[in-house]
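Me: I'd like to go through this one and ask what stands behind the labels. Can you set each value against its cut-off for me?

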Amino acid sequence: MRSFLGRRILLGLVTILAITLLVHTALYLAPGDPVDFLTAGKPTTPERLAALRAEYNLDDPFFTRYFSWLGGVFSGDLGQSASFNTDVSVLLESRVPTTLYLVVMSFIMIMVFGLTLGIVAALRGGAIDTATMATATLVSSIPAFVSSFVLINVFALRLGWFPAIGIGDGNPINTLWHLVLPSLALALGASAFVARTTRASVRTELSRDHVATATVRGIPRRLIISRHVLRNGLLPILSISGLILAGLIVGTAFVEQAFAIEGLGKLLVTAARQQDLAVVQAVTLILVVAFVVLNILVDILYWYLDPRVRSESA
Amino acid sequence: MSIAQAAALVGPRKRSRLSHLGFLGWIALAIIILFAFIAIFGAALAPHDPDSIDIAYANVGPIPGHPLGFDELGRDLFSRILVGARSSFIGPMMLVLISTVLGTTLALIAAWRRGWTDAGLSAAFDIAFAFPGLLLAIVLVTIFGPSLGIAVIALTLAYTPGMARLLRSTALRETGMEYVKAFRVMGYGDLRIVIRHVLPNLLPFIIAQAIITFGYATLDLGGLSFLGLGVQPPTADWGAMVAAGAPGLLQGYPMQTLAAGSCLVLAAVSFGVLGDRLARMWGVE
């Protein structure tokens, strides 16, 4: 376990460093003077420019600059936002919890809808199977930025069941209420993906020899399903969860934009449009770290649940 | 071994018939042909000037001569949808072409050289494939400024590893076939075997995969335009129109957002279904 975990964490750190280095290289190679990004195109005095150059070490060589940024990150200094005129960490403080709520709610929905529909489709077969899979195929082609507006139009504007935009007044219950439609919009595509994967793997397990043997021995179907089919059949869901997490992390940008939610995703897009590099760099770092850490957790879970992985990497 | 014998090892090529496309496959193909037609001739087909603004008609619903009504600036919505097809498809087309060519080349190199080359390339594909491509696109846009070209380049970097990863396993199987060994024994050059003999056998798989990828590319580039990081207004583009119609939707005028969004979804579904049917028809699932 220790060597397995050590290797995964090392790989994760390398990934994070590689991404931050890539972002820095791109900035280094970018056309124009980086100071233009910091002033966001606004006219400034030469003294202010010189101060900015000094503050961001723009006259230092590439690696000095990179390591001073990295050092800043470790001491909690993510730099100054040029377009918001404030510390990046202040911008993040209120937005991280919002996005976290959204992603967690969405993840729960994906698992509940995806697993239920996939298992039912595989076990029942017939018309239910065909209908579920046809719906899943259609839904997986609807991007979050379109489904968001369909949901707003139907459930917020026509039926009035949920609020259309924003996250309300800060009361936690009210926030959850506001986040139902955004989470659903974020969950739809991935739910279809999970449903299809679950159905395929449960059906594969159903046709295995040991399931036939158990049936012949007269073991109740309920027990066969829960002990033999689902236990093995649900493992592949873990292996696609990396893709699902990547989708969720990026998906927040679209959903928060559509529902006017002040979270990390909307901040990232707003900052990108303003070419506010300090903010984009900080948010990218947070998202990549979240992505890497969650993937390591998934691998550990896999290691516990599947003895085959354990024997391979012991 | 003669060439005839070598050819015999390849086995009889499975002849595919278009009737195997099925009902849905034909519908998908028809929709794609229609969209392609609109993308090429949209500007000529548009009944009105897609850029002529008349605030008096802002958000007015369908009236005779204007089947979809008007957008938030009083421009004819139907004309903008027709004209928008071009910018909504030209990006995905470049993206799919470039990433398919690059991905195929990398996959063939990995499958042909095997050993360390394959191990190194595969590890790189795996890492790059797992990373969210849109995040990379947003970073590049921040640095180089929003434009369709930057969006295409960024997504090419994200799509190529996925393409290469999928093709590699098929290419590996193909390069391990008897006929390849036979050609090698006969002293044919590597490049000639790969390009003249291996590549044609992989083509059905590559084409089906490219068509499926086209669907995703339409949604991803449409999404970047929706975020304001791709095609820039006032150019008519379906993704940008979904965003432009959002304030209207909240006031009870959902037509622009829903019409542009439906076009994107219809295109994505059609490419997905057609690619899937072609793959099944050619037996390369």
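Me: Where does L287(A) lie, and why is L287(A) called buried?
Reply: L287(A) sits in helix 13 (residues 277-305) of chain A. This is a predicted model, and the call rests on a neighbour count: L287(A) has 23 C-beta neighbours inside 10 Å. The label buried asks for 20 or more, so with 23 L287(A) counts as buried.

Me: Which residues is L287(A) in contact with, leaving aside neighbours within four places in sequence?
Reply: I249(A) and L135(B). Contact here takes C-beta atoms within 7 Å. As for C-alpha atoms, those of L287(A) and A246(A) are 9.2 Å apart, and these two residues are 41 positions apart along the chain.

Me: What does the contact between chain A and chain B take from each chain?
Reply: Chain B puts in 35 residues and chain A puts in 34 residues. On the chain B side, the elements giving two or more residues are helix 4 (115-130), helix 5 (133-144), helix 8 (190-226), helix 10 (246-250) and helix 11. Helix 5 of chain B gives the most, nine residues. By class, that side of chain B has 26 nonpolar, nine polar and no charged residues.

Me: Back to chain A: what is it made of, and what does its C-alpha trace span?
Reply: Chain A has 14 helices and two strands, and its C-alpha trace spans about 85 × 55 × 35 Å along the principal axes. Of its 314 residues, 35% are buried. Among contacts in chain A with a separation of 6 or more, 71% are between residues 24 or more positions apart.

Me: What makes helix 9 of chain A roughly antiparallel to helix 10 of chain A?
Reply: The axes of helix 9 (residues 209-216) and helix 10 (residues 221-233) of chain A come within 10 Å and cross at roughly 160°. Angles over 145 degrees get that label, so helix 9 of chain A is roughly antiparallel to helix 10 of chain A. Their crossing is right-handed. H210(A), V211(A), A214(A) and T215(A) of helix 9 meet I224(A), H228(A) and V229(A) of helix 10. By class that contact has four nonpolar, three polar and no charged residues.

Me: Where does helix 2 of chain B bend, and which of its residues are buried?
Reply: Helix 2 of chain B bends by about 55° at A39(B). A39(B) is also among its buried residues, along with G25(B), A28(B), I32(B), F35(B), I38(B) and G42(B). Their cover includes helix 3 (77-113) and helix 11 of chain B.

Me: Why is A260(A) called partly exposed, whereas R114(B) is called exposed?
Reply: A260(A) has 14 other C-beta atoms within 10 Å. Exposed needs 12 or fewer and buried needs 20 or more, so A260(A) with 14 is partly exposed. R114(B) has 12 such atoms, so R114(B) is exposed.

Me: What is phi at A260(A) and at R114(B)?
Reply: Phi of A260(A) is near 50°, a positive value in a residue other than glycine, while R114(B), not a glycine either, has a positive phi of about 50°. Most residues other than glycine have a negative phi. A260(A) is in the loop between helix 11 (235-258) and helix 12 (264-273) of chain A; R114(B) is in the loop between helix 3 and helix 4 of chain B.

Me: Which loop holds P234(B), and what is the peptide bond from P233(B) to P234(B)?
Reply: P234(B) is in the loop between helix 8 and helix 9 (238-244) of chain B. The bond from P233(B) is cis, with omega near 10°. Most peptide bonds are trans.

Notes: Residues are numbered from 1 along each chain as its sequence is written. Chains are lettered from A and ligands numbered from 1 in the order in which they are written. This is a predicted model: local features need pLDDT of at least 70, side-chain atom pairs count only at pLDDT 80 or more; totals for chains, interfaces and linings use all residues. Helices (H or I, at least four residues) and strands (E, at least two) are DSSP runs, numbered from the N terminus. Two residues are in contact if their C-beta atoms, placed from the backbone, lie within 7 Å. Ala, Val, Leu, Ile, Met, Phe, Trp, Tyr, Cys and Pro count as nonpolar, Asp, Glu, Lys and Arg as charged, and the others, Gly among them, as polar. The bend at a residue is the angle between axes fitted to the seven residues ending there and the seven starting there. Axes are lines fitted to C-alpha atoms, for helices over the stretch in contact, and angles run from 0 to 180 degrees between N-to-C directions. Angles under 35 degrees count as roughly parallel, over 145 as roughly antiparallel, 65 to 115 as roughly perpendicular and the rest as oblique. A crossing is left-handed if the near helix is turned anticlockwise from the far one by less than a right angle, and right-handed if clockwise.
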